[in-house]
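Work through the exercises below with the model open. Try each task before you read its solution.

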Amino acid sequence: MEIERMQAAIRRLQLDLSGLTVLTEAASGPYRPTPVLAALAGARKTYAVTRDSGFGKGTEIVESTLALARACSVAGAVEFLFGDLEAGLREADIVTNLGFVRPIDRAMVARMKPTGVVPYMAEAWEFRPGDVDLDACRERGIPVMGTNESHPGVNTLRACGPLCESMMTRAGVAAKDARVVVISNDPFGPVLVDHLTSAGSIVTLLPRPSPHAIQKADALVMACYRSDRFILGSRGDMTPEQLKSLAPAIRVIQFTGGADAEALNRMDIACFPPEQVPFRRMGRTLAELDPGLVIDLHAAGLKVGEAMAQARRLGLSGQDFVRYVTEHSPAQPMDGGTP
C-alpha cells in the first residue's frame with residue numbers, strides 16, 4: 001500500500017529530485033514513508049533525522065524505515081542522523097520543516113547550505129512561527145514557501161471535511177440532519193461546511209460563538225486554527241457555563257485548538273477529543289482518516305522543494321523566484337519567506 005501510494009504521488013506530481021540532497025525526518029506509523037519517498041523520487045541522498053519519542057524508539061524507527069527503503073531498492077540513498085544534523089544541514093538542498101527536524105531556528109539556518117531551501121509542508125496560512133525562523137532565513141537568503149493543499153495534484157485540504165465528520169461520529173453525532181455550528185475564520189471553515197452540508201447536516205458558519213445559533217445545535221465544531229487564545233473558555237467569547245446553560249447536550253468537536261477542554265470536562269460538556277488540543281494544532285490529523293494522505297502531502301511539499309531548488313540554480317530571486325516555483329509546483333508564497 002505505502003509503495004503504491006508513493007509511486008502514484010511521484011507520477012501525479014512528476015516529482016524528480018535527481019541530483020538533490022534532502023534533509024527530512026524518519027518517523028513512525030503513517031509518517032514512516034517520507035525519507036523513502038524522497039529517495040524513490042531520485043534524491044541523491046536523503047538525510048533522515050530521528051530520535052526517541054513518545055511514538056517509538058529511534059532505533060526501531062530506523063529499522064522500520066530501512067525495511068521500507070529496502071523494499072523500494074533505495075536503502076543506499078538514506079542516511080540516518082541522531083542529534084547531530086551538521087552533515088545534513090551542510091549538504092542539503094532541501095530542508096523540510098517536519099517534526100524531528102524543526103524548529104529550524106537561527107542556529108540551524110546559519111549552518112545550512114547557502115543555496116538551500118525550506119518547503120513548508122502545510123498551507124502558508126497554517127504557518128507556526130516556532131517552526132521556522134523566517135527572519136533568519138531571509139537574512140541568509142534561504143527561501144521558504146508553503147504548500148497549496150487544494151492543488152489538483154494534492155487536494156488534502158478537501159479531506160478535512162470527511163475528517164471532521166469522522167470526529168463528529170466518534171463524539172456520538174451522526175452528520176445526517178445534525179444541527180452543527182462551525183466556529184472558524186480561516187480556510188478550514190468553508191471546507192468543513194461544504195462537506196457537512198453534503199453529508200446532510202444543517203450547518204451555520206460563524207467567526208465566534210452565537211447564543212442564538214448554539215442553543216439549537218447538536219454539535220459545536222471549533223476550527224479556529226490561527227487562534228492563540230481560548231475562544232471557548234472562561235475568558236473567551238463564550239464560557240463553558242454559558243454553553244452548558246444554552247445547550248446542555250451539545251457535543252464540542254475540537255477540530256483545532258481554541259476550546260478549554262479541561263474547563264469543558266469540569267462542566268460535563270462532551271468534548272472530542274477529550275484531551276486539550278494546543279493552539280495552532282488539529283485535534284486529529286489526516287493520517288487517522290487515511291495514512292496515504294500524509295504521503296500525498298509530503299510528496300507535494302517535496303515537489304515545492306524541487307521547484308525552489310531549480311529556481312535557485314537558475315539564479316532567480318524575488319517575484320521571479322515566486323512566479324517560477326508557483327508555476328512548477330503546488331507552492332504558495334509565504335509572507336516574509338522570500339528574500
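The radius of gyration is taken here over C-alpha atoms, and the globule rule is 2.2 Å times the number of residues to the power 0.38. Keep in mind that this is a predicted model.

**Exercise 1. Overall form**

Task: Find out whether the radius of gyration of the protein chain agrees or disagrees with that of a compact globule.

Solution: 
- Start with the chain length, 339 residues.
- For that length, the rule puts a compact globule near 20 Å.
- The protein chain has 21 Å, so the two agree.
- Next, take the extents: the C-alpha trace spans about 60 × 40 × 35 Å along its principal axes.
- Then count the elements: 14 helices and 12 strands.

**Exercise 2. Burial, surface and contacts**

Solution: 
- Now turn to contacts between residues at least 6 apart in sequence: 71% of them join residues at least 24 apart.

**Exercise 3. Two residues, two accessibilities**

Task: Classify Thr239 as buried or exposed, then say where Pro211 sits and what it touches.

Solution: 
- Thr239 is in the loop between β9 (219-222) and α10 (240-246).
- Its relative accessibility is 17%. The cut-off for buried is under 20%. Thr239 therefore counts as buried.
- Beyond neighbours within four places in sequence, Thr239 contacts Gly233 and Ser234.
- Pro211 belongs to helix α9 (residues 211-214).
- At 44% relative accessibility, Pro211 counts as partly exposed.
- With neighbours within four places set aside, Pro211 contacts Met238 and Leu246.
- Pro211 also lies 9.2 Å from Ala247, C-alpha to C-alpha, across 36 residues of sequence.

**Exercise 4. Backbone exceptions**

Task: Find where Pro103 and Pro273 lie, and give the phi values of Gln14 and Asp268.

Solution: 
- Begin with the background: most residues other than glycine have a negative phi, and most peptide bonds are trans.
- The bond from Arg102 to Pro103 is cis, with omega near 5°. Pro103 is in the loop between β4 (94-95) and α5 (106-111).
- Phe272 and Pro273 are also joined by a cis bond, with omega about -10°. Pro273 is in the loop between β11 (270-272) and α12 (286-289).
- Gln14 has a positive phi, near 50°. Gln14 sits in the loop between α1 and β1 (21-25).
- Gln14 is exposed, because its relative accessible area is 63% and the cut-off is over 50%.
- Asp268 has a positive phi of about 60°. Its loop runs between α11 (261-266) and β11.
- Asp268 is exposed, with a relative accessible area of 63%.

Definitions and conventions:
Residues numbered from 1 in each chain as written. Predicted model: local features only at pLDDT ≥ 70, side-chain atom pairs only at ≥ 80, totals over all residues. Heavy atoms only, no water. Helix = DSSP H or I, 4+ residues; strand = E, 2+ residues; numbered from the N terminus. Contact = heavy atoms within 4.5 Å. Buried < 20%, exposed > 50% of the residue type's maximum accessible area, 1.4 Å probe, protein only.
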